[in-house]
Amino acid sequence: MPPSSSSYRYLLLLLCCTLATVALSDPRATKAALLCTNRTAPMPHRQLFISNFLGAMDALTPLVSGQGYGAVVNGTRNATVYAFGECFKDLSRSDCDVCLAQCKTQILSCLPFQKGTRGGRLFFDGCYLRYDDYNFFNESLTDQDTTVCGTSELSGNSNNVYEDIALKLVRNLSVLAPANDGFFVGSVKKENVTVYGLAQCWDFVKGRTCQNCLTDAATNIGTCAPREEGRALNAGCYLRYSNQKFYNNSSSDTPAGKHGRRNLAIILAATFAALAVLLVVATVVFFVKKNVLEKRRERRQFGVLLDTVNKSKLNMPYEMLEKATNYFDDANKLGQGGSGSVYKGILPGGNTVAIKRLSFITTQWADHFFNEVNLISGIHHRNLVKLLGCSITGPESLLVYEYVPNQSLHDHLSVRRISQPLTWEVRCKIILGVAEGIAYLHEDSPVRIIHRDIKLSNIMLDEDFTPKIADFGLARLFPEDKSHISTAIAGTLGYMAPEYIVRGKLSEKADVYSFGVLVIEIVSGKRNSSFVLNSSSILQTVWSLYGSNRLSEIVDSTLVGNFPPDEACVLLQIGLLCAQASAELRPSMSVVVKMINGNHEIPPPTQPPFLHSGSSELSKYSLHRYNFQPGSNTQSSGNSMTESLIEPR
């Protein structure tokens, strides 16, 4: 049996407890200085830079934990992050881990949330962390120096004595450290006055460069004497003196103390080695068995898929579809989604089609293919993109759809619009058509289906701007006798209902919520940014305007003077009704259609989620545990594939 997740948690807890009981020294996680780099040049890829920064920090942690230092380069040319971290060499590994962990949390203050900030250096008394947007590993290391001095001085004659021996100590350390692998600690005592000091060059600073850096540091730190403490914080090295012993040095330990620490080190080494072996063995067993089971599942899935395709009229030769797209020429590429690329193709009979190449990055391609072929091929509605064929026997799986010439709703409402702004009449037509398409999936199709990914980019527009719902790769069959099902989280943040994100509770009301967000986006011409850093949710804006009877103010500015305010307010109120925090209060899609057509009373909505930290159930949870990317299609681990062929109800 592979170890369960609870077993891993137990082992990790045991490891943490072991660390906690033996951390006898001080991690010196005290901030000496935080220096953020500011430049006036704009940063066009700020969000990507932040993402690369987080990845660099993740990669840096095991390097520093394992060897005391680490350097990482992460990201593309336009948003590359260079990062370096190092602990002082007198620090234990466990104290180093603690120091670096706290250092990583505080250096977040230098992230480029504001224009110009794109680097930072954080000096702790036990470790050092730096990141920047350029390669600083080989730069001149004397142009970013700073000095931090203490505030108090010794009294009387001790003051002069202390200043003399402090200056002598830092000069000696600046000479001894480069000759001792870039690190040295020591003390000087005179007339009952003692000064302690530490000098260290960062690992990428060697030889003469280390010597020059510490020489400059010794000169700069001289301005601190006769104060009791001083630190020279350089881009290439660190130098500190104090009247208190702050470093770990076993040279003054008694023989018994050395023997006890040696025994403790042996015990710790043996414990960690045993835990490491256990974790490695458990991990290997887990992944080997997981891979075996996954291969078996893939073979079963492929057999079902192949049998389904061969028995249907959908099967098309791979070679014909490849030729139809001119061998997937980039000139015929229509778009790129989370599940694959879409190309324009012309079949031998002259029909224009859209051909999707499914990505093989994960096994989810099989789930996606199964859903499209098995769920969607048997249903037909004017507001659903029609599946015309597929191919599974070639080097990759292909899906063939009807060609929709006016691209997606996102293309028309994005910042880079592909055409003139959509008129009010067209927007109303799109909203009604999407509502009728979802209502068909929920209530009138041969099988009850939840789409799970209703959003702007999945609403295609025909030549007369008739909307067609596309991309059923995440769709789920919904049993007649169930009020909801529990499933792995999948969808796009900003469109996902709160009960689904928090508890995995999926019902048709999840699609209703997504539709509500979609309506507000279509009317306002703005994207929902409830999960975008430093931005407020459009739901919050619309709710505030609703409370002050000013809903028409949110309507797309390109429509000024060309829309009926009363109709706009009605549609926005319907959007708020669909996007209410409580799933039970959201109307069914058939009722929504009646509301849009003016055949049903529109009750006042209640507050949508995500507005106040204390008002939403989401405030109790951290979305980061799902590893979601804002605005992107996301699926957590778990099998979302429908387990059996679907029988008509």
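**A helix and what covers it**

Helix α4 covers residues 158-176, and at 1.5 Å a residue its 19 residues should span 27 Å; the end C-alpha atoms sit 26 Å apart, which agrees. That expected span is 1.5 Å times one less than the number of residues, and helices (H or I, at least four residues) and strands (E, at least two) are DSSP runs numbered from the N terminus. Keep in mind that this is a predicted model, where local features need pLDDT of at least 70 and side-chain atom pairs count only at pLDDT 80 or more, while totals for chains, interfaces and linings use all residues. Numbering runs from 1 along each chain as its sequence is written, and side-chain values use heavy atoms, with hydrogens and water left out.

Which residues of α4 are buried? They are Asn159, Val161, Tyr162, Ile165, Ala166, Leu169, Val170, Leu173 and Ser174, where buried means under 20% relative accessible area with a 1.4 Å probe, protein chains only. Their cover includes β7 (183-190), β8 (193-201), α5 (207-221), β9 (229-233) and β10 (237-242).

Of its 68 residues, Leu409, Ile430 and Phe515 touch the most other members. Apart from it lies another core of 43 residues, Tyr162 and Trp202 among them.

Ile430 in α10 and Phe515 in α12 also belong to the contact (heavy atoms within 4.5 Å) between those helices. α10 (residues 424-444) and α12 (residues 508-524) pack at about 175 degrees, axes 11 Å apart, with axes fitted to C-alpha atoms over the stretch in contact and angles running from 0 to 180 degrees between N-to-C directions. They are therefore roughly antiparallel, the word for angles over 145 degrees.

Key. Core = buried A, V, L, I, M, F, W, Y, C linked by side-chain atoms within 4.5 Å. Buried < 20%, exposed > 50% of the residue type's maximum accessible area, 1.4 Å probe, protein only. Parallel < 35°, antiparallel > 145°, perpendicular 65-115°, else oblique.
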